[in-house]
Amino acid sequence: MASTQSSLEGKVALISGGSRGIGRATAIAFARAGADVAVASRKLPDLEKVADEVRGLGRKAMALKVDVSDSKQIHAAAREVEENWGRIDILVNNAGLHLVQRFTRGNEDEWERILTVNLKSHIVFCRAVLDGMIERRYGKIINVASDAGRAGSSGQAVYGAAKGGIVAFTRNLAMETARFGLNINCVSPGMINTAMWNAVREDSPKLAEAYERLLPGKRLGEPEEVAAAILFLATDEAAYITGQTISVNGGVFSA
Ligand SMILES: NC(=O)c1ccc[n+]([C@@H]2O[C@H](COP(=O)([O-])OP(=O)(O)OC[C@H]3O[C@@H](n4cnc5c(N)ncnc54)[C@H](O)[C@@H]3O)[C@@H](O)[C@H]2O)c1
């Protein structure tokens with residue numbers, strides 16, 4: 001069996017939301033494992049820094065300016081990687097937008113934005129890469145959900161709906177594509193030490209404190225710990241796992 005250090009040798013990966021947090025940690029983990037990595041997000045300077053880190057590890061890197069709420073930009077990004085590097089072996093749908101808000105205080109524009117960035121973009125990205133993956137009979141897709149979509153919590157009804165939608169989408173699409181040899185899975189983070197969780201701490205300190213009190217290990221997860229699960233699902237060692245959701249949450253939720 002190949003060692004995890006070289007388990008993505010020669011593979012081509014595309015990671016949305018790759019400019020920071022879990023996406024950045026995944027880009028580094030993939031590059032260490034031997035993959036060439038394209039990172040896609042809205043801010044080119046941040047993406048270029050991650051791309052430089054990937055190159056520093058001896059792999060090819062591409063920084064793609066993409067707003068995932070625009071389907072055309074998603075399709076264009078996938079095409080650019082395929083045209084330049086020949087194919088996409090691994091897609092990590094990681095871009096996400098979080099908003100803690102009492103449900104009755106939200107409005108339809110906000111709900112639509114949350115659903116578009118967190119759920120529709122995953123669907124569109126999958127559509128953009130699937131033809132090539134099916135044709136080559138090879139592809140790994142890892143969708144980043146959230147335990148808000150599995151266990152539920154206050155202030156996250158629409159975000160949780162989007163994330164729960166990702167879990168259901170993943171399970172269904174996995175059924176449809178398993179016969180082509182594809183693996184489509186979810187990683188579902190709990191509370192992870194990134195800009196996203198820090199924003200919850202700043203905007204809703206009491207809520208964040210209440211959640212953090214539930215942490216059995218009394219610490220947040222690190223983005224690298226989520227990236228490790230994503231990396232495993234991207235390898236051929238996980239070839240018989242599809243349609244599944246793995247929580248990386250320090251044991252806090254039982255869902
Ligand atoms: N941090 C946590 O506690 C936590 C918990 C559960 C799930 N998650 C999920 O993990 C994923 C990564 O989050 P993170 O914690 O690294 O947060 P983060 O805010 O650091 O990173 C989010 C990434 O998504 C990108 N993004 C957001 N909107 C975008 C858009 N419209 N177009 C393109 N890119 C966009 C950002 O630029 C950034 O690169 C998200 O899907 C998030 O929902 C995080």
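## The shell around the ligand

The shell around the ligand holds 14 nonpolar, eleven polar and three charged residues. Here Ala, Val, Leu, Ile, Met, Phe, Trp, Tyr, Cys and Pro count as nonpolar, Asp, Glu, Lys and Arg as charged, and the others, Gly among them, as polar. This is a predicted model: local features need pLDDT of at least 70, side-chain atom pairs count only at pLDDT 80 or more, and totals for chains, interfaces and linings use all residues. Residues are numbered from 1 along each chain as its sequence is written.

Which of the 28 residues around the ligand come nearest? They are Gly17, Gly21, Gly96, Thr194 and Met196. A residue is near a molecule if its C-beta atom, placed from the backbone, lies within 6 Å of it. Helices (H or I, at least four residues) and strands (E, at least two) are DSSP runs, numbered from the N terminus.

## The sheet

Seven strands form an open sheet in the order β3-β2-β1-β4-β5-β6-β7, with parallel pairing. Two strands pair if DSSP finds at least two bridges between them. The edge strands are β3 and β7 (245-248), and each pairs on one side only. From one strand to the next, the twist averages 15°. Angles run from 0 to 180 degrees between N-to-C directions, and axes are lines fitted to C-alpha atoms, for helices over the stretch in contact.

## Strand β4

Strand β4 covers residues 90-93. It pairs with β1 (residues 12-16) in the parallel sense, over three bridges. Leu14 stands opposite Leu91 in β4. Four bridges join β4 to β5 (residues 139-144), and these two strands also run parallel. Asn93 stands opposite Asn143 in β5.

In a regular strand the side chains alternate between the two faces of the sheet. In β4, Ile90 and Val92 point one way, and Leu91 and Asn93 point the other way. Are these residues buried or exposed? All are buried. A residue is buried if 20 or more other C-beta atoms lie within 10 Å of its own, exposed if 12 or fewer, and partly exposed in between; C-beta atoms are placed from the backbone.

Five bridges join β2 to β3, which run parallel. In β3, Leu64 is the bridge partner of Ala40, and Lys65 is that of Ser41. Helix α2 (residues 44-56) packs on the sheet and touches β2 and β3. Its direction makes about 170° with that of β3. Why is β3 (residues 61-65) largely enclosed by the rest of the structure? Because four of its five residues are buried.

Val37 lies in β2 (residues 36-41). Val37 counts as buried because it has 31 C-beta neighbours inside 10 Å. Beyond four places in sequence, its contacts are Ala13, Ile15, Ala27, Phe30, Ala31, Val54, Arg59 and Ala61. Two residues are in contact if their C-beta atoms, placed from the backbone, lie within 7 Å. Val37 and Ala63 are 26 residues apart in sequence, and 8.8 Å apart in space, C-alpha to C-alpha.

## Helices α3 and α4

Helix α3 (residues 71-85) packs with helix α4 (residues 108-136) at an angle of about 35°. Their axes are 9 Å apart. The crossing is right-handed: the near helix is turned clockwise from the far one by less than a right angle.
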